[in-house]
Amino acid sequence: MDVIFGRNKKEQLEPVRAQVTGRIPSWLQGTLLRNGPGMHTVGETRYNHWFDGLALLHSFTIRDGEVYYRSKYLRSDTYNANTKANRIVVSEFGTMAHPDPCKNIFSKAFSYLSHTIPDFTDNCLINIMKCGEDFYATTETNYIRKINPQTLETLEKVDYRNYVAVNLATSHPHYDAAGNVLNMGTSIMDKGKTKYVIFKIPATVPEDAKGKNPLKHIEVFGSITSRSLLSPSYYHSFGVTENYIVFLEQPFKLDILKMSTAYIRGVNWASCLAFHREDKTYIHIVDQRTGKPVPTKFYADPMVVFHHVNAYEEDGCLVFDVIAYEDGSLYQLFYLANLNQDFEENSRLTSIPTLRRFAVPLDVDKNAEVGSNVVKLASTTARALKEKDDRVYCQPELLYEGLELPRINYAHNGKPYRYVFAAEVHWSPIPTKILKYDILTKSSLKWGQEHCWPAEPLFVPMPGAKDEDDGIILSAIVSTDPQKLPFLLVLDAKSFTELARASIDAEVHLDLHGLFIPDADGDAREQAPSQEQPDRVPDCHVAPWT
Ligand SMILES: CC1=C(/C=C/C(C)=C/C=C/C(C)=C/C=O)C(C)(C)CCC1
Ligand SMILES: [Fe+2]
């Protein structure tokens, strides 16, 4: 297993043509662009955690039934500094580097705590974000890295803090119908306050002397004050509906005091993150139209959520679905020391990730009896029990057990929907199957094969799609059998049957997240894949973030 997780992956700079068996639908033209950790040792030094690995971008370009694969390490400042020093010199989530050039802030006086928030890594390994016409590799710090989605070249380093006061931002932004980005970030101790900030990056902006930069036009349209100044919640994603934002202030918290002394104590960032099982999960609903939070104090039992699946409004209620854990142990499992030969014993989850549906009333009847259920939806058994002082205790409906890396048909984001595509995981964090869960019938379809580890399944709608599942699923499959090549799997999203697979004679790494960039009607098809393509990203005829 160490081989799969911990071994450094070779870049595939020249596009390699895959061996396709089956038939890729002719309408499927575009590039699946994904991100994930690919290098875990530099010189003699080794990262401790899988999430520390240096970002390796890879793409599968699908053109006229053929697939071309390429990969390239993100040339972040972190990558360059490590490579130059031939050892790890920049700290990551699970590895504190000494000395870290980013941490020279500690040589300054500790006069104001806000000055002790260190400069973080720009090793953007988690996801890809589309912002106007630009694409960025993302992580959870204040940095994002512009990339060329065709050549995978690394472009500018962007510091969110130049545009919006956040020290951390999620790698899971949302997009509205116009392509505007909605994201959230944490602003730590700014003007004596710690807040969760909701911001919008517009898709289209006027051109100035330096061209178009949507980031210059970021609009903060709401914020939530953290319950605690020095221990804000950690969060990996959030939910949106047509009119609201759903934010879970969960009892999985960052300890800012610990973070400010982590470097001098020689401990990693991960050790500054703790689950407080005695605490609650606070559910914040912010009205996008006013930027104001709904005044009712919704809360639920302690849980840890990394991925929101979807959210929508129904009959005066807001319904939201999340993948939840009973504790924060998931991140513990990804220490590379646990992902070794004795992997099966060392990396058992202490709680299975479950799909839970919550429902909260948007307007709570002040006269409702204490103890009564104020959710009256026929579609769910989720409950919200009225308590004293504007408090409402929410109990979810358990929909499915054992899934992670959820995706949906993004045309249904923020709206009622029926299908969740995900990786199946049970007591181990490693997916062995991909799954289509039908929320309406509570049934599921699966795809799996011996020795195959699937990546997050991504849904691409077919042109003129009518049903929510009219389209295909793409997933990169890595094999634990050294004899078997990795491949891009193409499934029919309706029946979950295999349409095609494209075997790749190159190294393919286990990745995290990404997006599909459809070709504009045929314009990029003329180009041989080995030729450099223009920087311009083709206009998309379906949502580019699907
Ligand atoms: C470096 C760094 C961070 C990095 C977190 C990362 C890299 C999280 C990755 C999460 C993933 C991949 C989750 C998958 O479900 C923090 C804790 C935000 C803050 C301190 C500095
Ligand atoms: Fe994620």
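Colleague: Which residues lie nearest the centre of the largest cavity?
Modeller: This is a predicted model, and in it Phe51, Ile126, Tyr234, His236 and Tyr331 lie nearest the centre, out of 50 residues that line the largest cavity.
Colleague: And which elements give two or more residues to that lining?
Modeller: Those are strands E12 (168-169), E14 (181-190), E23 (304-314), E29 (403-407) and E33 (452-454), plus helix H4 (330-333). E14 gives the largest share, three residues.
Colleague: How does the lining of the largest cavity divide by class?
Modeller: There are 33 nonpolar, 11 polar and six charged residues. The space inside is about 860 Å³.
Colleague: How many cavities of 30 Å³ or more are there in the whole structure?
Modeller: The search finds eight. The lining of the second largest cavity has 10 nonpolar, nine polar and two charged residues.
Colleague: Switching topic: in what order do the six strands of the open sheet come?
Modeller: The order is E17-E18-E21-E22-E27-E26, with mixed pairing. E17 (239-240) and E26 (383-386) are at the edges with a single partner strand each, so each has one side without a neighbour in the sheet.
Colleague: In what sense do E26 and E27 pair?
Modeller: Antiparallel, over four bridges, with E27 covering residues 391-395. Ala384 stands opposite Cys394 of E27.

How values were computed
Residues are numbered from 1 along each chain as its sequence is written. Chains are lettered from A and ligands numbered from 1 in the order in which they are written. This is a predicted model: local features need pLDDT of at least 70, side-chain atom pairs count only at pLDDT 80 or more; totals for chains, interfaces and linings use all residues. Side-chain values use heavy atoms; hydrogens and water are left out. Two strands pair if DSSP finds at least two bridges between them. On a 1 Å grid over the protein atoms alone, a cavity is a set of points where a 1.4 Å probe fits but cannot get out, and a pocket is an open set with protein on both sides within 12 Å along at least five of seven lines; lining residues have an atom within 4 Å of a point. Grid points are joined across faces, edges and corners, and a volume is the space filled by probe spheres set on the points. Ala, Val, Leu, Ile, Met, Phe, Trp, Tyr, Cys and Pro count as nonpolar, Asp, Glu, Lys and Arg as charged, and the others, Gly among them, as polar.
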